[in-house]
Structures are given as C-alpha cells and as structure tokens.
There are 2 protein chains.
Amino acid sequence: MPNPTAAMLVIGDEILSGRTRDANTFHLAGVLTEHGIDLKEVRVVSDDAAAIVAALRALASTVDYLFTSGGIGPTHDDITADCVADAFGQSIDVRADARKLLADYYEKSGKELNAARLRMARIPEKAILIDNPVSIAPGFIVENCYVMAGVPSVFQAMVQSVVPLLTGGAPMLSKSLRVERGEGDIAGPLSELVAAYGDVSFGSYPFQDNGIYGANIVIRSQDSARLEQAFTALSEKFPE
Amino acid sequence: MPNPTAAMLVIGDEILSGRTRDANTFHLAGVLTEHGIDLKEVRVVSDDAAAIVAALRALASTVDYLFTSGGIGPTHDDITADCVADAFGQSIDVRADARKLLADYYEKSGKELNAARLRMARIPEKAILIDNPVSIAPGFIVENCYVMAGVPSVFQAMVQSVVPLLTGGAPMLSKSLRVERGEGDIAGPLSELVAAYGDVSFGSYPFQDNGIYGANIVIRSQDSARLEQAFTALSEKFPE
C-alpha cells in the first residue's frame, strides 16, 4: 500500500526576502520520513491572503496531510487563521476554548490579554486545537490541514503534539554510501543497479569537500531485505 | 513602477526526505532582494517528471523570472533539463556548444567524456547557456526560466553569472528594530504605525532568546526618506 502523502506550506515574507532562513521544512521532512509519510511538495508564499488561500486549496486537495508554518501570532501580518477559514469555507471568531487557554496563561504571568493577544484565539469554527506547550497560543486542525506557528521551537513542539494523530505508513528505510569519484564516473555503473533494482529508489547527491569530488549514493526502500541486497550490490560496484 | 517578480523551484527528493537542508533558496532570496526583484513563491518538488513539468509551467506563467535548482547532473535522477524542454515545448539533445565545453574540460583534467557526463550537454534547442566557473557543466536559460545546479557552490556561481542579465527594480530598503517585549504588547502600537504609513511594509518576527521574548520589527520601503520617517516613528513608539 502506498504511504500517506503530505505537503508543507511555509507562510512569511521574511523567508522570501532572504531575511530568515526557513528551518521548519527540514524539521518536518525528517519527522514525516521517520513516520512513513511522503512529503510531496513544499511551498513558500508571502503574507498575502490571496496567495495563501490559493496555496491552501491547491495543496490540501492533492495530499493526505497539509502542514502550515507561520502567521498565527498577534500582529497585523498574522493572517493565516483567517485564510484557512476562508479556504475551507468555515466561519472564524474568537473561540471560548482558545480564549480560556490564553486568559489562564496571561493571568498567571501577569500580562494583559489585550486585543492583539486575543487575535490568537481566533480559530475556525470546526477546528481542533493543537497543544502549544511552549507559549500556549494554540495551533489548529481544519480537515486535513495542520496549522502551526512559525517560530521554530513552537513549530517543533506543535509537530510533536500532532504526530500521534497521524496515520503513518511503512517507514522508508535508507542506506548511504559515500563514493569519492566524480558523479560522471559513478553514473554509468549506478544506472545498471537502478535497472536491476526497480523496487529500490537510488539518489545521487554530489558533494565537493576540500577539493574532493564525490557523491553520496542513497538507496531507499520499505523492504529491509531488498535494501540490504541493493546495498551489497552497490558496495561491490563501488569498492573503497 | 512595481518591481519585477520571481519564483524559485527547488528540485530534489533529498530536500523532501529531510536528508539535505536546502541552502539555495536563502542565497537566491538575498541576491534578489538586493537587486529589487520580488521573490513571490518558492516550491520544492521531487525528482518526478510530471511534478517538475507542472510546477515549471505554473510558476513560469505567473512571474517575470523563474529560477530552478537541482537535477542537471549526470546521473539517472537528473531529469530537469528534459522537463524544462517539455514544459516550454522545445526539443532537447546533446548540443555542440555544451559538448565542446565539457570535452575541453575533461581533456585537460584527463577524465573521460563518457555517456553519463555527456548527458550534461543535453540542452534545449533554443536555450542560452549559463556559465559554470566551478565545474564547467553549464546551466541554461529557456525563455524566463533560469536552470541552475543544486550543489550550493555551483548554484551560487551560476547566480553570479546570471545576475547581470536580470532587469532589477528599485532595491527594497529595510531597517530593523529589536524590541524586547512580547509580540502581544507590540501588536497594538505597531498597528497604529501600519495604518499611518500605508506605503511602508511592516513585519514582526518574534524570537525567544535565552528566555527573553521579543520581536524584530522590520520595515521596508523603496523610498529612503519614508523609511527614515517610519523608523523614527517606530523608535519613538518602542523606546529602549
């Protein structure tokens, strides 16, 4: 059976302007691979409602799980929650359950639950809240869309909160061989293996490392026996 | 006049599986911002021809410049050149000019220009070659699509080769203020500034730094005088 599929939507001008380097995609990709969920596509769009809504609709309809990162804070440029409500045809307002989470938290910390903070309790009507153990303001789930914060520590905590809710597949197993030969010398022998092991995926990732040219050959399969067979064949093809 | 727009397409299973962290988007985003070109969207897709062709078509038709990264090496999983030819309706084969570049280079270095390496001379019929001072195998330009290598050092060299060919806009100027208050306290006063300076873009990027919560407020404009006015107002709103 094929694995469940996923897409990621990163929302934020700061990534597209080169101000911030996105860290959440790399984190999520690793977690999904571990759980046998195939990440098929990532998109990064700016804090623009039309662009966000279009990307949400396009991605949610083609994968089993859509994860978003960014745009759920208290400032004027945080518009993700409203865009999700729009994309999935739900109404949105301050919700009592989210408001209570924030009210309790800010009361304890002596901060005011002002209008800006209250925006973080704006949640689409039928959404399920995602626990945020770092800074309380929740993420949420609407249909197959998991809406999470952009700050990496909060994003990672939310990912941890939602992983138990996901139906994983057979984890993709992988083995890697470092070959210190130019990719042009590797390609020919490698394609013979690709032909012989049609059920194993072969990737060649070139590197340059202190003047040494080579490639990491990564082979992937859900079947550990086949993976071992292919790896043995690979190692014989490229002895050290 | 609005700035030219751009999109980036990152091609490669290794990013989606979490094996490799993409570095090229961050580099390109910074270069484009410097040159007054607005990066509107980034997509990452796997080494799958249908996905690559669909993304090429969708992005190329909506922006002035499309940049791609990855999939132009000599191995079986390098299928970008063929996908670009397909997406833009051009034929593709080993081209004499690209073949000569490779032949000269490998002759000097005593390596064989074998069938695998020759794949890197497969270039769409009407493409313009992009210089690769690092490892010779060229990138290429088809219409508004700039096809470059995935290895970061080669990608960066190719970006440097193409920048003089791009028509930039007025560079976006920015100033940044670090405010050590919770975003929930920043949001209210900030939205007054957003309303007062409609022609300046305000972004709020929260951080947590050794237990200190705060946000970097980044303001952006092409007009340096307006930027200074807005920054003065911002600094008065959030004195240290």
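A: Happy to. Please keep in mind throughout that this is a predicted model.

Let's start with the strands beside it. One pair to find on your screen is A6(A), whose bridge partner in β2(A) is L39(A). β1(A) also runs parallel to β3(A), residues 65-69, this time through 5 bridges. Here the pair to look for is L9(A), which stands opposite T68(A) in β3(A). As background, strands of a sheet pair through backbone hydrogen bonds, either parallel or antiparallel.

Leaving aside residues up to four places away in sequence, L9(A) touches R43(A), V45(A), A55(A), L56(A), L59(A), L66(A) and T68(A). The largest nonpolar core has 101 residues, and L9(A) is among those that touch the most other members. That group also includes L56(A) and V84(A), along with L9(B), L56(B), L66(B) and V84(B) from the other chain.

Now step back to the whole of chain A. Its secondary structure comes to 9 helices and 11 strands. Buried residues make up 42% of its 240 residues. The C-alpha atoms of chain A fill a box of roughly 65 × 40 × 35 Å along the principal axes. If you take the contacts between residues at least 6 apart in sequence, 66% of them join residues at least 24 apart.

Further along chain A there is another sheet to look at. This one is open and has 3 strands in the order β9-β11-β10, with antiparallel pairing. β9 (173-179) and β10 (201-209) of chain A stand at its edges with a single partner strand each, so one side of each is left without a neighbour in the sheet. From one strand to the next, the twist averages 20 degrees. β10(A) and β11(A), residues 212-221, run antiparallel and are joined by 9 bridges. Within that pairing, Y205(A) stands opposite N216(A) in β11(A). Helix α8 of chain A, residues 183-196, lies across β9, β10 and β11 of the chain, and runs at about 170 degrees to β10(A).

Chain B can be laid on chain A by a turn of 180 degrees and a shift of 0.0 Å along the axis, with an RMSD of 0.0 Å. That is the relation of a two-fold axis. In chain B, R43(B) has the C-alpha nearest the axis, at 2.2 Å from it. The same surface serves both copies, as 100% of the contact residues of chain B recur in chain A.

What does that contact draw on? It takes 47 residues from chain B and 47 residues from chain A. On the side of chain B that touches chain A, α1 (13-16), α2 (24-34), β2 (38-45), α6 (115-118), α8 and β10 each supply at least two residues. α8(B) gives the most to that side, with 8 residues.

F202(B) has I219(B) in β11(B) as its bridge partner.

Finally, a word on confidence. Chain A has a mean pLDDT of 94, and 100% of its residues reach 70 or more. For the complex, the predictor gives an ipTM of 0.92 and a pTM of 0.93.

Methods:
Residues numbered from 1 in each chain as written. Chains lettered and ligands numbered in written order. Predicted model: local features only at pLDDT ≥ 70, side-chain atom pairs only at ≥ 80, totals over all residues. Helix = DSSP H or I, 4+ residues; strand = E, 2+ residues; numbered from the N terminus. Buried ≥ 20, exposed ≤ 12 C-beta atoms within 10 Å, placed from the backbone. Contact = placed C-beta atoms within 7 Å. Least-squares fit on C-alpha atoms with pLDDT ≥ 70 in both. Pairing = 2+ DSSP bridges. pLDDT = per-residue confidence, 0-100. Core = buried A, V, L, I, M, F, W, Y, C linked by C-beta atoms within 7 Å. Axes fitted to C-alpha atoms, helices over the stretch in contact; angles between N-to-C directions.
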